Amino acid sequence: MKKQILIKYVVPLLAVGMVQLVSAEEYEYDAAKIPPVSSKQVDFVKDIQPLIEKSCIGCHSGRRPKSKYSMETREKTIAGGSSKVKSIVDKKSDKSPLIHFMADSTKDEELWMPVVDKRDKYPKLTPEQIGLFRAWIDQGAKWPEGLVLQEKE
Ligand code: HEC
């Protein structure tokens with residue numbers, strides 16, 4: 001099943017104080033490629049944090065996160081980056097770009113996460129791990145108050 005999502009974003013023109021539509025981006029994804037949701041009761045610290053730290057945080061943290069997308073806090077992880085599109089849709093893992101990207105389900109391979117040619121350093125998540133991520137989102141994306149993730153040396 002093919003679906004299309006229209007992603008629009010506006011960038012404020014600071015100089016003139018106007019808002020202008022600069023780009024309308026679209027991505028197509030194949031829902032059949034998204035692994036099933038895990039039936040497990042997910043614990044963020046035990047199940048999800050290690051996956052983010054291993055496969056995502058190296059590019060999505062610090063002073064210059066890729067695509068201006070930081071996964072250091074819950075708020076930022078949900079918010080998304082320069083696309084200005086929320087990467088997590090509340091309790092809907094099947095609609096969340098974060099899941100579409102880690103499942104390599106988008107037509108555009110540049111959106112596959114972790115970036116394809118960096119997977120020796122940042123391993124792709126297994127279907128079971130993506131299922132856990134889905135369950136985490138569907139269960140409310142719980143994240144301990146005040147916990148900030150950082151790149152591990
Ligand atoms: C090697 C660096 C690298 C790693 C590791 C990585 N990403 Fe990315 N990420 C990028 C780059 C580069 C982009 C911009 C892609 C584009 O727009 O073409 C991006 C964009 C994104 C976006 C879109 C942000 C926005 O709103 O613009 C999301 C969501 C995302 N990554 C999630 C993840 C997740 C989840 C992981 C871990 C499973 C991950 N990334 C691992 C480099 C990385």
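Tutor: The protein has an average pLDDT of 88, and 83% of the residues score at least 70; pLDDT is the predictor's confidence in each residue, from 0 to 100. Over residues 6-24 the pLDDT is below 50, and this stretch has 22 contacts in the model beyond near neighbours in sequence, two residues being in contact if their C-beta atoms, placed from the backbone, lie within 7 Å. Where pLDDT is low, the predicted coordinates should not be read in detail. This is a predicted model, in which local features need pLDDT of at least 70 and side-chain atom pairs count only at pLDDT 80 or more, while totals for chains, interfaces and linings use all residues. Residues are numbered from 1 along each chain as its sequence is written.

The ligand is surrounded by 26 residues, the closest being Cys-56, Cys-59, Gly-81, Ser-83 and Met-113; a residue is near a molecule if its C-beta atom, placed from the backbone, lies within 6 Å of it. By class, the shell comprises 14 nonpolar, nine polar and three charged residues. Here Ala, Val, Leu, Ile, Met, Phe, Trp, Tyr, Cys and Pro count as nonpolar, Asp, Glu, Lys and Arg as charged, and the others, Gly among them, as polar. Helix α3, residues 97-102, supplies the largest share of the shell, four residues. Helices (H or I, at least four residues) are DSSP runs, numbered from the N terminus.

Within helix α3 lies Phe-101. Phe-101 counts as buried because it has 20 C-beta neighbours inside 10 Å; the class requires 20 or more other C-beta atoms within 10 Å of the residue's own, whereas 12 or fewer make a residue exposed and counts in between make it partly exposed, with C-beta atoms placed from the backbone. Not counting residues up to four places away in sequence, Phe-101 touches Thr-106, Leu-111, Trp-112 and Met-113. Trp-112 is eleven residues from Phe-101 in sequence, yet their C-alpha atoms are 4.7 Å apart in space.

Met-113, one of the closest residues to the ligand, is joined to Pro-114 by a cis peptide bond with omega of about -10°. Val-115 is partly exposed because it has 15 C-beta neighbours inside 10 Å, and its C-alpha atom is 9.3 Å from that of Met-102, 13 residues away along the chain. Asp-104 is also found in the loop between α3 and α4. Its phi is positive, near 50°, in a residue other than glycine, and Asp-104 is partly exposed, with 18 other C-beta atoms within 10 Å.

Met-102 touches Met-113, Leu-125, Ile-130 and Phe-133, not counting residues up to four places away in sequence.

After α4 comes Gly-140, whose phi is positive, near 105°.

On the Cys-59 side, Lys-66 touches Cys-59 and His-60, not counting residues up to four places away in sequence. Lys-66 sits in the loop between α1 and α2 (74-79) and is partly exposed because it has 16 other C-beta atoms within 10 Å. The C-alpha atoms of Lys-66 and Gly-81, 15 residues apart along the chain, are separated by 8.4 Å. Lys-68, in the loop between α1 and α2, has a positive phi of about 55° although it is not a glycine.

Note on methods:
Helices (H or I, at least four residues) and strands (E, at least two) are DSSP runs, numbered from the N terminus.
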